[in-house]
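Thanks for coming. Please have a look at the model first.

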Amino acid sequence: MNFSQSIWYDDIAQQVMVIDQRKLPFIEESIALTTLDETCYAIKDMIVRGAPLIGVTAAYGMYIAAKTRVNLTVAYHQLLDTRPTAINLKWALDIQMELARVTNENNLTESLLANAHKIREEDIEMGSQIGDHGLKLIKAIYAKTNQPVNILTHCNAGWLATVKWGTATAPIYKAHQADIPLHVWVDETRPRNQGANLTAWELNKAGIPFHVITDNAGGHLMQHGKVDMVLVGSDRTTAAGDVCNKIGTYLKALAAHANNIPFYAALPVSTIDWTIKDGLKEIPIEERNAEEVTHLNTFEKSQIRKSLIMLKNTPVANYAFDVTPAQYVTGIITEKGICEASEEGLRKLYY
Ligand code: MRU
């Protein structure tokens, strides 16, 4: 399989298709989403993941619900309950609900499908624009150092987390296309290893030099001048510029701050939650099951296995996200441009 997009519509089978990200990098497999329950399960069990992709999948979920004659209000809430932190989920569901409100019953299914296609296309365009804006920052570092630009990233904010370009990886892909020499430090990102399993898979396919590092290595690399810039995504961004991303992002921001290294968050404006300002108090942090921590996916004899890495029934707390306050964010890269991580910065950009 030679995948280049994370979600697509198969016109012949008339089905929504996604890559099963739980199996990467070992097995490259796609699956069809045919019912609302399958779509909810795909988001909850992280067959699809990453804030923008969760939003696009939910948009298709509303189409699938209409096609299979499920009440759209029920579908809206069932999809909304799948993952609490990424605001793109609600953003996409609200767009589809509003369309349903003003659309004639006879055209509803086709209209929801067309709108899901539109949200998907816009996501591709958004990633490309984030890439173009972020490229300027990478170019500026290269112009100063004339050395390969070392970028540290956390989790997977790559094309697998969106439809095509990614958010944090979009400037990296654009810089690679522009022949700027790069090297990426990829945090493995326990417990689900999105860095080691997904970002490394993406960069490897793109031919971009990288090393996977343990989650605790970033601070050491920063102290020794081996990181020029930290570039991460965001699942929810407050109106005041706090960013919420995969657990461990905050520690990278602190280390970057202490070492005078720029820390940028790349995100589509659909990730901004204008209704909240204080990320620490107001963003719901997803807590996931203990098995993600107690077990590790291993690949043996062509099979993915779950291996226990600590005593069974070890008490575990599994917080999936953390908040980086705006004061530690050097800037926010969006499809509309780069701005200061502040209410003023975001509003200027937005309006
Ligand atoms: O739990 P996940 O894998 O959905 O978390 C994904 C992230 O934290 C990404 O960095 C975030 O969604 C930004 S995506 C472009």
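Let me start with the word cavity: on a 1 Å grid over the protein atoms alone, a cavity is a set of points where a 1.4 Å probe fits but cannot get out. Keep in mind that this is a predicted model. How many cavities of 30 Å³ or more are there by this rule? The count comes to two.

Take the largest cavity. Its volume is about 180 Å³. It is lined by 22 residues, and the closest to its centre are Gly50, Ala51, Asn156, Asp235 and Asn245. By class, the lining of this cavity divides into nine nonpolar, nine polar and four charged residues. Helix α2 and strand β9 each supply at least two residues of that lining.

What takes up the space of the largest cavity? The ligand does. α2, residues 51-67, and β9, residues 243-246, are the elements that give two or more residues to the shell around the ligand. The ligand is surrounded by 18 residues, of which Arg83, Gln194, Asp235, Asn245 and Lys246 are the closest. Sorted by class, that shell holds seven nonpolar, seven polar and four charged residues.

Now the contacts of the ligand. For Lys246, an N or O atom in the side chain is 2.7 Å from an oxygen atom of the ligand. For Arg83, again through an N or O atom of the side chain, the distance to a ligand oxygen is 2.8 Å. With Gly50 it is a polar backbone atom, 2.9 Å from an oxygen atom of the ligand. On its own the ligand has 410 Å² of accessible area, and the protein covers 100% of it.

The second largest cavity holds about 50 Å³ of space. Among the residues lining it are Gln194 and Lys246, along with Arg190, Arg192, Arg288 and Glu292. The lining of this cavity has three nonpolar, three polar and five charged residues.

What is the volume of the largest pocket? It is about 590 Å³. Of its 26 lining residues, Arg22, Asp45, Arg192, Asn297 and Lys306 are the closest to the centre. The elements that give two or more residues to this lining are α7 (194-206), α11 (291-294), β12 (295-300) and β13 (303-308). By class, the lining of the largest pocket has 13 charged residues, with seven polar and six nonpolar.

Key. Residues numbered from 1 in each chain as written. Predicted model: local features only at pLDDT ≥ 70, side-chain atom pairs only at ≥ 80, totals over all residues. Heavy atoms only, no water. Near = heavy atom within 4 Å. Polar contact = N/O pair within 3.5 Å; in protein donor to acceptor, adjacent residues only side chain to side chain. Areas by Shrake-Rupley, 256 points an atom, 1.4 Å probe, with all protein chains shown as cover. 1 Å grid on protein atoms, 1.4 Å probe; cavity = no way out; pocket = protein on both sides within 12 Å on 5 of 7 lines; lining within 4 Å. Sits in = over half its atoms within 2 Å of the grid points. Helix = DSSP H or I, 4+ residues; strand = E, 2+ residues; numbered from the N terminus. Nonpolar A, V, L, I, M, F, W, Y, C, P; charged D, E, K, R; others polar. Points joined across faces, edges and corners; volume = space filled by probe spheres on them.
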